[in-house]
Amino acid sequence: MEKQLRPVRIQTDFTEMAAGSVLIECGRTRVLCTASVEDGAPPFLRGSGRGWLTAEYAMLPGSTPRRKPRDGIKKDGRGTEIQRLIGRSLRACMDFSRLGERTITVDCDVLQADGGTRTASITGGFVAVCLAVNRLIQQGVLFDSPIVRQIAAVSVGIVEDELTLDLDYARDSRAQVDMNVIMARDARGEMQFVEVQGTGEGRPFAKDELDGLLALAQGGIEELMREQRAALGERADVLFRKPRLVLASQNAGKLRELRALFGAEYDVASMGEMGLDMEIEETGSTFEENARIKAEALCARTGCAALADDSGLEVDCLGGAPGVYSARYAGGHGDDAANNALLIANVKAFPAPRTARFVSAVALARPGRETLVARGSCEGEVLLEERGEGGFGYDPLFYSHDLHKTFAEASAGEKNTVSHRARALKKLVEIMRNS
């Protein structure tokens with residue numbers, strides 16, 4: 001059994017113009033792989049928020065001992081089949097909702113062929129895609145990496161009844177069984193098959209031989225994956241990132257709360273941490289509409305999942321006012337003293353209990369997926385004098401029926417156990433995980 005790969009060398013940044021470029025050498029086989037990025041997606045994806053990856057493959061005329069005619073307008077059947085394989089394989093590494101409506105084209109040009117050109121193209125092409133994505137992130141075009149799996153490929157076969165890894169042309173030409181294996185590794189390190197192409201060219205092969213070939217291929221692919229990561233160096237950090245969740249707020253308390261709730265699924269960041277300074281006009285007539293407007297605007301700007309909330313106080317004797325205008329009830333945005341004074345003036349003519357509730361709507365917008373919205377509320381009543389030194393906004397006037405004190409008298413921990421925002425977020429987590 002031949003268990004050794006041919007000598008592998010992956011040289012990054014081989015050319016300067018493409019977003020990502022790699023020269024991969026597997027023995028005497030050498031392939032130049034470049035990844036180019038263009039705005040826009042194919043017609044069948046337009047308006048979806050999702051991107052695409054495609055590939056082209058060609059053998060240069062001097063890549064073989066006997067000159068190969070240059071591909072014209074119409075490629076030969078073998079080249080077409082191989083480039084489709086490369087495209088299918090590399091698409092398995094991507095979460096296209098994180099790419100946005102962009103197209104990555106991977107060009108694989110064989111400079112010298114000595115067997116395994118298609119598997120070398122896939123292995124090198126993956127590195128080129130990583131380099132292109134890293135450049136987009138460094139340029140601020142992408143905030144989130146779409147690469148969720150690592151992809152590599154190798155050939156195996158049976159030559160003179162021996163299982164053989166990484167066939168060169170001499171062994172491939174006399175192989176009894178020839179097989180190409182493409183595999184993916186996910187963030188947990190689990191290996192899965194993307195595609196297996198196996199043919200009994202000289203004879204049929206048994207189940208135990210198939211199992212042996214697949215195990216041999218996996219060992220070779222794991223070694224190739226180590227070579228890929230070594231070639232990428234620090235730029236390998238584009239692999240396996242959690243999707244980013246951007247909070248449409250600079251509030252440190254909200255950020256801590258969200259990291260506790262969503263940290264297992266998302267890398268949670270504030271707008272400030274991402275260098276964003278956006279003013280999003282709240283034109284909705286409900287809390288849900290305003291939360292959706294903010295989340296979807298931020299998602300469109302960043303290409304990342306985005307979470308926004310809108311909250312306020314609804315007083316029954318005032319017909320639900322101040323409602324969505326809670327922050328600017330007295331005219332100026334965020335003037336707590338003026339808002340509280342106006343609220344007291346407007347409710348004092350009504351008999352107690354002046355029932356009310358804090359309401360929060362939270363919206364989670366994700367690229368290429370439906371926006372999720374959830375509402376939470378906490379019941380209480382409005383007092384005619386402020387109590388407590390904590391909290392903010394209407395907290396000193398809101399007497400909570402759950403806590404039997406005002407929100408300003410409650411500790412932050414007490415408030416968070418019953419708050420409208422905490423309840424809305426809990427519902428949102430349930431909806432998200434069920435969907």
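Modeller: What follows is a short exchange about strands, peptide bonds and backbone angles.

Modeller: This is a predicted model, in which local features need pLDDT of at least 70, side-chain atom pairs count only at pLDDT 80 or more, and totals for chains, interfaces and linings use all residues. Residues are numbered from 1 along each chain as its sequence is written, and side-chain values use heavy atoms, with hydrogens and water left out.

Colleague: Which residues sit on each side of strand 2?

Modeller: Gly20, Val22, Ile24 and Cys26 are on one side, with Ser21, Leu23 and Glu25 on the other. Both faces are covered.

Colleague: What does strand 2 pair with?

Modeller: Strand 1 (residues 8-12) pairs with strand 2 in the antiparallel sense over 5 bridges. Strand 3 (residues 29-39) also pairs with strand 2 in the antiparallel sense, over 7 bridges. Two strands count as paired if DSSP finds at least two bridges between them.

Colleague: Which residue is the bridge partner of Ile10? And what stands opposite Ser21?

Modeller: For Ile10 the partner is Ile24 in strand 2. Ser21 faces Thr34 in strand 3.

Colleague: How many residues lie between strand 2 and strand 3?

Modeller: The two strands form a hairpin with 2 residues between them. Gly27 in the turn has a positive phi of about 65 degrees.

Colleague: Which residues other than glycine have a positive phi?

Modeller: Asp161 is one of them, with phi near 65 degrees. Asp161 is in the loop between strand 6 (150-159) and strand 7 (162-165). His404 is another, at about 60 degrees, in the loop between strand 15 (398-400) and strand 16 (405-406).

Colleague: Is His404 buried or exposed?

Modeller: Exposed, with a relative accessible area of 57%.

Colleague: Changing topic. Where are there cis peptide bonds?

Modeller: One joins Ala321 and Pro322, with omega about 0 degrees. Pro322 is in the loop between strand 12 (305-315) and helix 8 (336-347). Another runs from Ala352 to Pro353, with omega near -5 degrees; Pro353 is in the loop between helix 8 and strand 13 (355-365).

How values were computed:
Helices (H or I, at least four residues) and strands (E, at least two) are DSSP runs, numbered from the N terminus. Buried means under 20% relative accessible area, exposed over 50%, partly exposed in between (1.4 Å probe, protein chains only).
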